[in-house]
Amino acid sequence: MQDEVIQIKKITRDFPLGQEIVKVLKGIDLQIDKGEYVAIMGPSGSGKSTLMNLLGCLDTPTAGSYVLNGKDVSQLSDDELAEIRNKEIGFVFQTFNLLPRTTALDNVALPMIYAGKSKQDRVKRAQQVLTEVGLGDRMDHKPNQLSGGQRQRVAVGRALVNKPSIILADEPTGNLDSKTSVEIMKLFDSIHQAGNTVILVTHEEDIAEHAHRIIRLRDGVIESDERKKF
């Protein structure tokens with residue numbers, strides 16, 4: 001049992017829209033084990049972003065249970081969710097979400113401030129992670145001095161800095177050209193090989209192909225769940 005990072009049972013998510021209730025997720029069951037590399041795919045409106053928000057503890061389900069590393073997070077308060085997000089989950093977004101006036105080093109170190117780490121520890125770990133993502137020579141650069149691919153590397157470094165149990169990436173190559181996309185996906189491949197659990201949300205087949213398991217959503221339910229054979 002201890003190999004399960006994520007165990008979701010009968011998760012639903014409804015949103016009120018005027019007098020109507022829109023059912024976005026309609027009873028999802030999902031298990032993801034430690035060290036898996038998973039892509040979640042689906043057309044617009046399939047529920048993949050809603051599912052990602054739930055997986056990332058950015059939102060709570062209307063019904064059902066979500067057990068993350070043995071802890072039921074479906075009933076937690078906002079403060080408790082924030083703490084779990086910071087410890088357990090590293091986020092990488094399409095739009096990078098970096099602080100514009102802050103160096104790459106300080107952007108990467110940011111989650112460690114919330115985790116209560118000392119300045120010395122923050123700097124040391126942030127330097128280590130930036131070196132790992134190939135930006136050892138760009139630590140003092142601000143986002144506007146970096147290319148799109150370099151900015152995404154900073155974002156990946158920030159996601160890794162607290163050694164989370166899951167890396168959640170939402171369309172991580174959505175704002176990048178194809179050559180840079182290939183480089184960023186190589187980085188995700190190496191992160192997975194280092195033992196991290198990686199979950200990608202994407203609508204691009206060639207990006208999903210990097211994953212070892214592809215889950216397809218349609219109309220709020222899992223349409224297919226396929227593992228690659230090696």
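## Basis

The model is predicted: local features need pLDDT of at least 70, side-chain atom pairs count only at pLDDT 80 or more, and totals for chains, interfaces and linings use all residues. Residues are numbered from 1 along each chain as its sequence is written, and side-chain values use heavy atoms, with hydrogens and water left out.

## Salt bridges

A salt bridge is a side-chain nitrogen of Lys or Arg within 4 Å of a carboxyl oxygen of Asp or Glu. The count by this rule is eleven.

In one of them, Arg138 pairs with Asp137 at 3.2 Å, N to O. Another joins Lys23 to Asp14 at 3.5 Å.

## Arg213 and Glu36

The closest N and O atoms of Arg213 and Glu36 are 2.9 Å apart in their salt bridge. Arg213 belongs to strand S9 (residues 213-218) and Glu36 to the loop between strand S2 (20-33) and strand S3 (37-41), so the pair ties together parts 177 residues apart in sequence. Helices (H or I, at least four residues) and strands (E, at least two) are DSSP runs, numbered from the N terminus.

Arg213 is buried, at 4% relative accessibility, and Glu36 is buried at 12%.

## Ala194

Ala194 sits in the loop between helix H6 (178-193) and strand S8 (197-201).

Definitions and conventions. Buried < 20%, exposed > 50% of the residue type's maximum accessible area, 1.4 Å probe, protein only.
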